[in-house]
Amino acid sequence: MQLRGNGGHRLSETGPPGARKAASGAAGGIPASRDSGPTVELANDWPWAPDPRDPPPKLAGDLQGAIDFGLAADEAELIELTAMICSGIPSDIDCTARWQREGTITCSVSIDTGEVKYHQAFKRTSHGLAVYQGFFWLPEGSRRRGFAKRTARNLVLAYDRLGIRQVDVDAGLVDGGIVWARLGARADDPDGERTRLIQKARRLAQQLSLDEDLADGIEDALNDVSDDDLLSRAVRIQLEDGTKFGEMLLSGTSWTGCWDLGDEVLRKYLRDVLK
C-alpha cells in the first residue's frame, strides 16, 4: 500500500514474504494466532546449519541441575546448548553463563558482564517445556551487526531439538521491540499495543511534519491490520524517502508476546526472513 501526502512524503508499507491474509480481510502479515492455525512437528527443517558461539561462554552455577532438568545429557551438551542460545554475544567479549535451577519448574541461564546482559528461563508447563526469553543487552558498538539474526537462527534450532513450541518474549530496552516485531512475535495485549502505536504515530507525524492525509493513512493502516499481524506490519512501515517510520514506532517500546514455533505459518515466515 502506498499513500502520498501533499507534502511530498509517501508511505510504503510492504508485507513480509509469504504473508497470508488476516481473517478480517486486511492485507496480511505473518504469524498466526497462537491459539489457532495448523501446527507442525518440530522437524528442525530450517535451511541453515548451527552457528554456535566460538568460543562458548564459560559455565558456572548449577550445571548438574540444568542437566537433570532435561536440557542436556551431559556437560558437553550443556556447553553446546549455551553456545547456541548465547551466539549473539560477540566472541571478543569474555563472558560466563550462570545456570540456576529453581525446583522442578524453572531452570534459567544469565550473563552479566557489565556491558552484556542476557537472561532466559526454561520452564515446565502442562503442555511441555517452554521458554521465557528475557532481556538481551549489547553495547552500542555491537548492535545492528547481524547478531539478532544469528541468535534467532540458533534459537529455533536449539528449541526444536528440545521440543519447545512456546516462547514467551519480553521485548524492551532500545531495540527489543523492533527485533521481536520483525521476528513475528505476537503481542499479548494487541488492543493496548495498537492504541500505544497509534498515539506514538501521531507524535512522530508531528515531529516529522507529515501532512494530515499521510498521518491519517498511517493510523488507518494500524487500525486495519489484524491483531496477529499488528507488530510485524507496523515495524515495516516506511516512507518513500527511506525513513523507517515503523522502526521509529517500535524503538524503545516495551511489551510482552509469544513466538509459537509449532505454527507452520510462522515457521515459513522465519525461513524467509532469516535465510
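The legends below describe close-up views of a predicted model.

Local features are given only at pLDDT of at least 70 and side-chain atom pairs only at pLDDT 80 or more, whereas totals for chains, interfaces and linings use all residues. Residues are numbered from 1 along each chain as its sequence is written, and side-chain values use heavy atoms, with hydrogens and water left out.

**View 1. The protein chain as a whole.** The protein chain has 9 helices and 11 strands; helices (H or I, at least four residues) and strands (E, at least two) are DSSP runs, numbered from the N terminus. Of its 275 residues, 51% are buried, where buried means under 20% relative accessible area, exposed over 50% and partly exposed in between (1.4 Å probe, protein chains only).

**View 2. Helix α2 and its cover.** Helix α2 spans residues 75-85, and its buried residues are Leu-78, Leu-81, Thr-82, Ala-83, Met-84 and Ile-85. The elements that cover these buried residues include α1 (63-68), α3 (147-162), β3 (58-61), β4 (96-102), β5 (106-112) and β6 (117-125).

View 3. Asp-54 and Pro-55 are joined by a cis peptide bond with omega of about 5 degrees. Pro-55 sits in the loop between β2 (10-13) and β3.

**View 4. Packing of α5 against α6.** The axes of α5 and α6 are 10 Å apart, and the helices pack at an angle of about 170 degrees; axes are lines fitted to C-alpha atoms, for helices over the stretch in contact, and angles run from 0 to 180 degrees between N-to-C directions. The two helices, α5 and α6, are therefore roughly antiparallel (angles over 145 degrees). Residues of α5 that meet α6 include Leu-197, Ile-198 and Ala-201, and among their partners in α6 are Ile-218 and Leu-222; contact means heavy atoms within 4.5 Å.

**View 5. Ser-209 in the loop between α5 and α6.** Ser-209 lies in the loop that runs between α5 (190-207) and α6. Although Ser-209 is not a glycine, its phi is positive, at about 55 degrees. Ser-209 is exposed, with a relative accessible area of 59%.

**View 6. Asp-228 and Arg-186.** Asp-228 lies in the loop between α6 (212-224) and α7 (230-234). Asp-228 counts as buried because its relative accessibility is 17%. The side chain of Asp-228 makes a polar contact of 2.5 Å with that of Arg-186; a polar contact is a pair of N or O atoms within 3.5 Å, and within protein one must be able to donate a hydrogen and the other to accept it, with residues adjacent in sequence counted only if both atoms are side-chain atoms.

Key:
Parallel < 35°, antiparallel > 145°, perpendicular 65-115°, else oblique.
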